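Keep the structure open beside you as you read.

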Amino acid sequence: MSALSILDLDAVRAAPVSREPYAFTLGTNVLKPESIDAIRADFPDIAKPGYLTVDEVALKGRFKALIDELESDAFSAILGEKFGIDLVACPRLTTIMKRSQLKYGSIHTDGPSKVLTLLVYMNDAWSAPAAGRLRVLYDGKNYEPFAVEVPPTMGTMFAFLRADNSWHGHEPFEGERRVVQVAWLKDASELERKKKRNRTAQFLKGIFGR
């Protein structure tokens, strides 16, 4: 298995897996400290709000190297071991967000085409007491009570197995909220469909400014 120079695999392995209300893991400091300054500097200068696929973003330097590591078979194997599933065989869809809008964060489970979703946050600090902090929820209607609240700070990792009850979301937040999302999908056709849908959504945002 090839060595990964940016992700701290000990921190990834040490993050506990919870099974209630669904299978998830929450880890901290999964980015090696010596890499953080370069990752911050190389984070894409994205003007549009929302998630963009890596195909739509100019990647460079250590940030590009981080994306390569997150999409690697080596990392998929480690994450799969944590959850007891084979992720290496799954196609991966990686998206990047820099700016959030108030309409984001509504409670959902993710679609059935996803096997597992990973979020790695890259914000130096987070002062908002509730807004923008993803929560592991018990139903599709209420932000409280919650099982876990995820601080979107630099090097925080949250991953979960998609299920019919994998409810999650965050209270509305507008502004900079840096995060990389990797979704392991059931098949390649879903990967192409999701990329096309994301391109269409970004095109419409460019026209209507939404």
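Begin at Tyr-121, whose contacts (heavy atoms within 4.5 Å), leaving aside neighbours within four places in sequence, are Leu-134, Val-150, Pro-151, Pro-152, Thr-153, Met-154, Gly-155, Thr-156, Arg-177, Arg-178 and Val-179. This is a predicted model, in which local features need pLDDT of at least 70 and side-chain atom pairs count only at pLDDT 80 or more, while totals for chains, interfaces and linings use all residues. Residues are numbered from 1 along each chain as its sequence is written, and side-chain values use heavy atoms, with hydrogens and water left out.

Tyr-121 sits in strand β5; strands here are DSSP runs of E with at least two residues, helices are runs of H or I with at least four, and both are numbered from the N terminus. With a relative accessibility of 1%, Tyr-121 counts as buried. The term buried means under 20% relative accessible area, exposed means over 50%, and partly exposed lies in between, using a 1.4 Å probe and protein chains only.

Is Thr-156 buried or exposed? Thr-156 is buried, at 3% relative accessible area. Beyond its neighbours within four places in sequence, Thr-156 touches Leu-26, Gly-27, Thr-28, Leu-119, Val-120, Tyr-121, Val-150 and Pro-151.

Now look for the nonpolar cores, meaning sets of buried Ala, Val, Leu, Ile, Met, Phe, Trp, Tyr and Cys residues joined through side-chain atoms within 4.5 Å. The largest has 40 residues, and those touching the most other members are Leu-31, Leu-70, Phe-75, Leu-116, Leu-118, Met-122 and Trp-184. At least two residues of this core come from each of α1 (9–14), α2 (33–42), α3 (61–70), α4 (73–83), β5 (114–121), β8 (157–161) and β10 (175–185). Helix α4 gives the most, with 5 residues. A second, separate core has 13 residues, including Tyr-104, Val-136, Val-148 and Val-179.

Setting aside neighbours within four places in sequence, Leu-116 is in contact with Leu-79, Phe-83, Leu-87, Ala-159, Phe-160, Leu-161, Arg-162, Val-182, Ala-183 and Trp-184.

Charged side chains come next. The structure holds 11 salt bridges, each a side-chain nitrogen of Lys or Arg within 4 Å of a carboxyl oxygen of Asp or Glu. Arg-40 pairs with Asp-37, with the closest N and O atoms 2.8 Å apart. Both lie in helix α2, 3 residues apart, about one turn of the helix. Arg-40 is partly exposed at 31%, and Asp-37 is exposed at 55%.

Arg-92 and Asp-73 also meet in a salt bridge (2.9 Å, N to O). Because Arg-92 is in strand β4 (residues 92–100) and Asp-73 in helix α4, the pair ties together parts that are 19 residues apart in sequence. Arg-92 is buried at 14% relative accessibility, whereas Asp-73 is partly exposed at 46%.

Finally, visit the salt bridge between Arg-135 and Glu-149 (2.8 Å, N to O). It links distant parts of the chain, with Arg-135 in strand β6 (residues 134–137) and Glu-149 in strand β7, 14 residues apart. Arg-135 is buried at 4%, while Glu-149 is partly exposed at 24%. Shared partners join Arg-135, Glu-144, Glu-149 and Glu-171 into one salt-bridge network.
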